[in-house]
Amino acid sequence: MPLVFKAGNETKIAQERRGKLLGLARLAGLPMGASCGGAGTCGSCTVFLEQGRFELFGQTVEIEAGDRREVLACETVYLGGDAEVTVPRVAAVVDEGARIETDVLLPTHASRPAVRVVDVRLAAAQHESSTSLCERLAGALGLAGVDPDIAATLPADASSAPLSVSATLAFADGQERLIDLRMESSGRPPLALAVDIGTSTVAVALLDPATGRILDRAARFNQQMLRGDDVASRITHSMEPDGVKVLRELVTGHTINPMIAELCDRQSCDPEDIGAVAICGNTVMAHLFLGLPPAGIGTWPFMPVARAFPTVSAQTAGLSCHPRATVYVAPAIAGYVGGDIVADLAVAGFGQRPGVELLIDIGTNGEMVLAENGALFACATAAGPAFEGAGLVHGCRAVRGAIERIDLDAAGRLNCATIGGAPAIGLCGSAAIDFIACGCEAGLINEFGRYDLDLLRRMGRYVSFALRGHSTHACVLADASESGTGAAIVVTEADIAQVLKAKAAIYAGIKTLLQGRGRAARAIDRLILAGGFARHIRLERAIRIGLLPDVPVATVEVIGNGSLAGAVLALVDTSSRRAFVELMNRPAVVELNLAPDFAGHFAEALAIPHLDPTEFPSLTAQERST
Amino acid sequence: MSRHEALYAAICKGKRNDVQALVPQLLAEGAVAEELLTHTMIPAMRDIGEKFSRNEVYVPEMLIAARAMQAGLNILEPVLAKKGHQPYGKVCCGTVKGDLHDIGKNLVVMMLKGAGYEVIDLGVDCGVEKFEAGVAQGATAVLCSALLTTTMPYMKQVVDAFRDRPHIKVIIGGAPVTLNYAKEIGAEGYGSDANDAVKVVERLFGRSA
């Protein structure tokens, strides 16, 4: 007498006899997006009850076949017995074939590895001088002291005899410390782990810190997503009883540790070979990783518990590495501009040359930093997850089957390319940008993001899509027959509006920062795009829709995942950690909501590419010339 | 007295410059300020608001139309004031304490002005004292918005502060806010979007059908 979930072509059966539908679906293998974390406000877990007994707001509801009812999975409880629920769209939290950025580009650096092994020989102790095993070791290793617990692991007869030992030294808070001692070298070099904790995705790289060689990498969706898509919902969840503990365990035990196991398995090494870890993430992610409550960041003045974090042991952090491995967490600039941005700045060598530079981390939080002859200004735009595909009716993350590129050819035919070439299951952020850009070029979409319905009908792609009780105009990207979900994949006018709001937030942030220094877009000498998503945007398309300012494409540098690169840098050259500290205090943080012109900039940036054509002179020139 | 089609269209299309040119021109030609407001401008905003609720226009167009409307109101207000024009009611709007988001709140302010109400914009990060100050200036409805799940709880404090004065209506809204939440904390009204907020206010002031 089971509960059956139907999602497109898939059927999954819940093993449980009772529970909230959202959780049961996840356990049955159909994880659903829950942007608000199950608070009942975002609608992303909408499902249809086809039959069965359920409880909704304290009332029992009996659904008969044919009696279909639309509910939120986070608010509905299954009460047992035969039941069927249709999941209309799976906002995939699965990792199969996910396109997550793990490229690492480092600036020039010295070699000062965060963990190394030294073989030393202790001379025989002099009987006259009063000394100790600890002091003999410390002396031989050039350290101020060593942990007695480690010294105690040496055999008893080691006390005074000459001794050869293999010592593993790891860097923490400005100096090295002894973390492991063996009579003989294990023959395996110590390894280091770089981690980028993003709000949506966590990427790791296993490396040899002495050579900087990346042995392997992995990426996984941050399992905290089950408690909300954005930092605000995570903060809210952290305020519940044991909230911080639960969220911490979701990122360490359920996200990072499984990846460590996967990498070590593939590389035939032992997780305990990892002697140093570096973590870069936004301020809320850093707090939750360390078990610090982020509640202060949730309301003005957005005050974190700390901006500089102590280096802790892997055991304290709950990571499955050598228990004494040192875990470094990059410092943050402010509540909403974190260590991941500090890492971006370090890796890009930002703010060290004359002229105007702009760095944008295109992701959920849309942080950006402006440099004007070395003076730095930072802000966060809270663009939202539209670029990750969330909030769009058929939006999905960059997984196998996601439409990632869209082109309209000269004959007006729409061509969609999916990740892995698999049948389309949805479209991801880069495709949404493509669609709006080429749609505008072809006259299919007007400057406010509305379709030319006649043209859409002539293309045979018009469909009226039912959305929350109203119908909206939509363009079919893939028919039901060719899609991977059994239903047509569409882009509605509501979807376009969501992307426009996200891109307007970013553009308004850029404009506010520039105007604050009396500058215009043409003053930008160097535009740096960071973030995994940045790698997949077609720059001309991003400028066409007005997400990026009108700068020559040659001025744009895409550094990809700067957060991960910064973590690697902190492990191969520990002196870079000083640069991080210097960077964390340099930028003046601009609170966009308090900037009087921000709202106006936002409204004007809602049009494609902008309400004021003089903002995008090269596009206007192109139009005039055709 | 029919509506002026050019002005109506300019507001609907968000052509701010056109509105700024048309309003003084029409006044100079002898149009009555109050009639321009009630027969052309308010209906234009109501039209846009209804379309928004029906998903026929979205936030981008609504925001741009509201700005065009505001530009027209800025020119009209001194003229209306001189003639002793009375708004339909007086309300105050603010984003709650700890929250700095104001774009949605600004849209509500513009839509309410566009519907003929006098609106005291209390800004952002508003504690109970700011809402009290709005009421002291004559507002009989208090509209609170919150955009973060972390600042929503403050709405309860606002509702509690006015519980002993039932003639002051507290209306809440914002992306994470729901009708259930409004009922839970005892708010008088809930607006699901800017247009809905106008409808709730109209109902509370006894102006809707």
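Modeller: Between chain A and chain B, nine residue pairs are in polar contact, counting pairs where both residues have pLDDT 80 or more. A confidence score comes into it since this is a predicted model. On the side of chain A that touches chain B, the elements giving two or more residues are helix 4 (231-238), strand 25 (470-478), helix 11 (493-516) and helix 15 (598-604). Helix 15 of chain A provides the largest share of that side, with six residues. If you sort the residues on this side of chain A by kind, you find 17 nonpolar, 11 polar and five charged.

Now for the contact as a whole. Chain A brings 33 residues to it and chain B brings 30 residues. The size of an interface is often stated as the accessible area that is lost when the parts come together. Here the area buried between chain A and chain B is about 2600 Å², and carbon and sulfur atoms give 64% of it. In chain A, the residues that lose the most area to chain B are F448(A), R450(A) and N593(A), together 21% of what that side buries.

Side chains of opposite charge can pair when their charged atoms come close. Between chain A and chain B the count is three salt bridges. R450(A) forms a salt bridge with E61(B), and their closest N and O atoms are 3.0 Å apart.

Let us zoom in on one residue of helix 15 of chain A, F602(A). Is F602(A) buried or exposed? The cut-off for buried is under 20% relative accessible area, and F602(A), at 8% relative accessibility, therefore counts as buried. Setting aside neighbours within four places in sequence, F602(A) is in contact with K501(A), A504(A), A505(A) and A508(A), and also with L63(B) and I103(B).

Helix 4 of chain A is another element worth a look. Seven of its eight residues are buried, so helix 4 is largely enclosed by the rest of the structure. Those buried residues are V231(A), A232(A), S233(A), R234(A), I235(A), H237(A) and S238(A). They pack against helix 5 (243-267) and helix 6 (283-290) of chain A.

D216(A) has 13% relative accessibility and counts as buried. Its side chain makes a polar contact with the side chain of Q267(A), at 3.0 Å. Not counting residues up to four places away in sequence, D216(A) touches V204(A), A205(A), L206(A), L263(A), R266(A) and Q267(A).

Next, let us step back to the rest of chain A. Its secondary structure comes to 16 helices and 29 strands. For 626 residues, a compact globule would have a radius of gyration near 25 Å, and the 27 Å of chain A agrees with this. Of the 626 residues, 58% count as buried. Among contacts between residues at least 6 apart in sequence, 66% join residues at least 24 apart.

E357(A) forms a salt bridge with R526(A), with the closest N and O atoms 2.5 Å apart. E357(A) lies in strand 18 and R526(A) in strand 27 (residues 526-530) of chain A, so this pair ties together parts that are 169 residues apart in sequence. E357(A) is buried at 1% relative accessibility, and R526(A) is buried at 6%.

The side chains of D434(A) and R538(A) also meet in a salt bridge, at 2.6 Å from N to O. D434(A) is in helix 9 (residues 429-441) of chain A, while R538(A) is in the loop between strand 27 and helix 12 (539-545), 104 residues apart. Both D434(A) and R538(A) are buried. D434(A) meets R541(A) in a salt bridge as well, at 3.1 Å from N to O. R541(A) lies in helix 12 of chain A and D434(A) in helix 9, so that pair ties together parts 107 residues apart in sequence.

Key: Residues are numbered from 1 along each chain as its sequence is written. Chains are lettered from A and ligands numbered from 1 in the order in which they are written. This is a predicted model: local features need pLDDT of at least 70, side-chain atom pairs count only at pLDDT 80 or more; totals for chains, interfaces and linings use all residues. Side-chain values use heavy atoms; hydrogens and water are left out. Contact means heavy atoms within 4.5 Å. Buried area is the accessible area (1.4 Å probe) that two parts lose on being put together, summed over both. A salt bridge is a side-chain nitrogen of Lys or Arg within 4 Å of a carboxyl oxygen of Asp or Glu. A polar contact is a pair of N or O atoms within 3.5 Å; within protein, one must be able to donate a hydrogen and the other to accept it, and residues adjacent in sequence count only if both atoms are side-chain atoms. Helices (H or I, at least four residues) and strands (E, at least two) are DSSP runs, numbered from the N terminus. Ala, Val, Leu, Ile, Met, Phe, Trp, Tyr, Cys and Pro count as nonpolar, Asp, Glu, Lys and Arg as charged, and the others, Gly among them, as polar. Buried means under 20% relative accessible area, exposed over 50%, partly exposed in between (1.4 Å probe, protein chains only). The radius of gyration is taken over C-alpha atoms; the globule rule is 2.2 Å times the number of residues to the power 0.38.
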